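These are my notebook entries on one structure. I record what I looked up, entry by entry.

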Amino acid sequence: MKAVTILGSTGSIGCNTLDVISRHPRSFSVFALSAYSVVDKLYQQILTFRPQYAAVIDEKAAKELCHLLKTQKINTQVLVGQQGLLEVAAHQQSDIVVAAIVGAAGLNATLQAVYAGKRVLLANKESLVIGGQIFMTAVEESGAVLLPVDSEHNAALQCMQGCDDPTRDLRQVILTASGGPFYNRPYDSLHKVSPQQACNHPNWDMGMKISVDSATMMNKGLECIEARWLFDLPPPSINILIEKTSTVHAMVEYTDGSWLAHMGVSDMRVSIAQALAWPGRISSGAPPLDMTSLAEIKFSPVDDSQYPCLQLALDTLRHGRGSPIVLNAANEIAVDAFLSQKIRFTDIALIIEQTMNTFLPDQPTQMAEILAIDQEARQIAHTMLTQPRKKYF
Ligand code: NAD
Ligand code: MG
């Protein structure tokens with residue numbers, strides 16, 4: 001029986017994880033859940049899974065949750081704030097920590113789980129993007145087991161099983177991309193798209209932030225940075241191809257000319273189940289992939305002019321230093337502003353570019369420096385929201 005803590009349990013990845021766990025009550029128990037402030041959903045999850053702890057960031061949410069639990073005489077202990085989150089992330093009674101908070105806000109808690117030597121199922125790609133070498137050194141030193149839940153990385157890792165020296169034996173890793181909801185639409189026609197249109201992903205059902213990131217393809221850029229650290233490969237050997245059906249999640253080319261590809265339905269429960277059960281296998285609840293009904297699978301290169309955010313992300317692999325932290329912070333501010341309809345879809349790339357042109361910090365050497373760069377980049381990006389912007393058209 002493995003005790004599982006889910007950081008960000010009310011989100012898309014969190015709910016999918018609980019769905020997989022509910023299918024295997026003899027193998028997994030829920031030790032702790034955490035959410036920002038979505039009390040109703042968290043309360044329902046507590047009723048079903050009866051964790052020992054629930055952590056919320058918000059004081060108001062904590063009071064509300066405590067009241068609900070008291071009326072039902074449920075003795076789940078409610079912890080509040082960042083301190084509560086860090087406590088559940090590192091608690092000695094848990095075996096597996098699922099890092100499913102969205103954005104840089106997940107870094108601290110994910111790292112706490114790493115320092116505590118947990119098996120960490122990483123969905124929160126932003127924490128690895130900004131944590132970089134510091135994050136991977138912590139994994140190495142603590143003996144934590146880091147397993148990617150991001151479908152492309154989970155798929156690529158499965159294609160690499162049995163390869164003891166990827167740097168020597170691999171020619172390249174291909175992360176596939178669907179192209180998002182605006183594939184084939186000229187970029188200069190996108191200034192009027194709504195948040196709802198941007199979040200309407202053709203294949204995947206995800207949280208709002210990653211859905212916008214998929215529409216701009218910033219998501220694929222973050223994933224290239226994530227892959228660079230996870231697989232310890234030089235950036236030129238990490239490449240992207242468009243595969244519109246999202247059936248092939250990743251491919252790996254070996255030096256002998258062999259290609260291995262991972263296929264599956266577009267359902268995050270597949271990679272979550274793989275990582276929960278690793279090195280074994282369990283059922284995920286995802287529908288089977290009917291190979292005979294597959295549409296034609298085709299691969300095509302990415303049209304650079306369509307995805308300026310992707311280019312900005314790939315630029316950070318060349319610039320190095322603190323640039324991925326600045327990229328990520330500016331993206332979070334810009335996506336948030338787009339979702340609250342303060343800026344246009346096409347402004348997202350402009351705000352990130354302007355922030356990156358203004359601020360290229362040195363390589364951070366410790367966590368505190370990462371957080372300081374993140375804060376400064378957020379402030380700069382905020383000021384960019386109100387400044388006049390050049391227009392692409
Ligand atoms: P989501 O928005 O649906 O859920 C986010 C969760 O984090 C919620 O439980 C929320 O309460 C919590 N949260 C948000 N801000 C917080 C904060 N400041 N402090 C503490 N908790 C906070 O997001 P999601 O789509 O589930 O994505 C989560 C992570 O997984 C992201 O990093 C995303 O890139 C990654 N990911 C998601 C998918 C997917 O299919 N959704 C696929 C691959 C990777
Ligand atoms: Mg992905």
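**Entry 1: His 153**

I began with the exposure of His 153, which counts as buried because its relative accessibility is 0%, and the cut-off for buried is under 20%. I note at the outset that the model is a predicted one. I then looked up the position of His 153 and found it in helix H7, which covers residues 151-159. Next I asked which side chain makes a polar contact with that of His 153. The partner is Glu 226, and the contact is 3.2 Å.

**Entry 2: The magnesium ion**

I turned to ligand 2, the magnesium ion, and asked which protein residues are its donors. They are Asp 150, through OD, and Glu 152 and Glu 223, each through OE. These donors lie 2.1 to 2.2 Å from the ion. I wrote the spacing of the donor residues in sequence as D-x1-E-x70-E.

**Entry 3: The shell around ligand 1**

How many residues surround ligand 1? I found 22, and the closest are Thr 10, Ser 12, Ile 13, Tyr 36 and Glu 126. By kind, the shell holds 12 nonpolar, 7 polar and 3 charged residues. I looked for helices in the shell and noted that helix H1 (12-22) and helix H6 (125-142) each supply at least two of its residues.

For Ser 12, a polar backbone atom is 2.9 Å from an oxygen atom of the ligand. For Gly 11, the distance from a polar backbone atom to a ligand oxygen is 3.1 Å. For Gly 8, a backbone N or O atom lies 3.3 Å from an oxygen atom of ligand 1. Taken alone, ligand 1 exposes 830 Å², of which the protein buries 87%.

**Entry 4: Asp 256**

I located Asp 256 in the loop between strand S10 (248-254) and strand S11 (259-263). Is Asp 256 buried or exposed? Asp 256 counts as exposed because its relative accessibility is 60%, and the cut-off for exposed is over 50%. A polar atom of the Asp 256 side chain lies 2.8 Å from the backbone nitrogen of Ser 258. I also compared Asp 256 with Thr 176: they are 80 residues apart in sequence, and their C-alpha atoms are 22 Å apart in space.

I found Gln 82 in helix H4, residues 81-90. With a relative accessibility of 34%, Gln 82 counts as partly exposed. Along the chain Gln 82 is 25 residues from Ile 57, and the C-alpha atoms of the two are separated by 6.2 Å.

Leu 327 is in helix H14, residues 323-339. Its relative accessible area is 0%, so Leu 327 is buried. I looked up its distance to Cys 309 as well: 18 residues in sequence, and 9.3 Å from C-alpha to C-alpha.

**Entry 5: Backbone angles**

I then looked for exceptions.

Arg 50 is not a glycine, yet its phi is positive, at about 45 degrees. Arg 50 lies in the loop between helix H2 (39-49) and strand S3 (53-56).

Asn 184, also a residue other than glycine, has a positive phi near 75 degrees. I placed Asn 184 in the loop between strand S8 (170-177) and helix H9 (195-198). Its relative accessibility is 66%, so Asn 184 counts as exposed.

Which two residues are joined by a cis peptide bond? They are Trp 278 and Pro 279, with omega about 5 degrees. Pro 279 has its place in the loop between helix H12 (269-277) and helix H13 (308-319).

Conventions:
Residues are numbered from 1 along each chain as its sequence is written. Chains are lettered from A and ligands numbered from 1 in the order in which they are written. This is a predicted model: local features need pLDDT of at least 70, side-chain atom pairs count only at pLDDT 80 or more; totals for chains, interfaces and linings use all residues. Side-chain values use heavy atoms; hydrogens and water are left out. A residue is near a molecule or strand if one of its heavy atoms lies within 4 Å of it. A polar contact is a pair of N or O atoms within 3.5 Å; within protein, one must be able to donate a hydrogen and the other to accept it, and residues adjacent in sequence count only if both atoms are side-chain atoms. Accessible areas come from the Shrake-Rupley method with a 1.4 Å probe; for residues, only the protein chains shown count as cover. Helices (H or I, at least four residues) and strands (E, at least two) are DSSP runs, numbered from the N terminus. Ala, Val, Leu, Ile, Met, Phe, Trp, Tyr, Cys and Pro count as nonpolar, Asp, Glu, Lys and Arg as charged, and the others, Gly among them, as polar. Donors are N, O and S atoms within 2.8 Å of the metal (3.2 Å for Na, K and Ca); water is not among the atoms, so sites may look incomplete. Buried means under 20% relative accessible area, exposed over 50%, partly exposed in between (1.4 Å probe, protein chains only).
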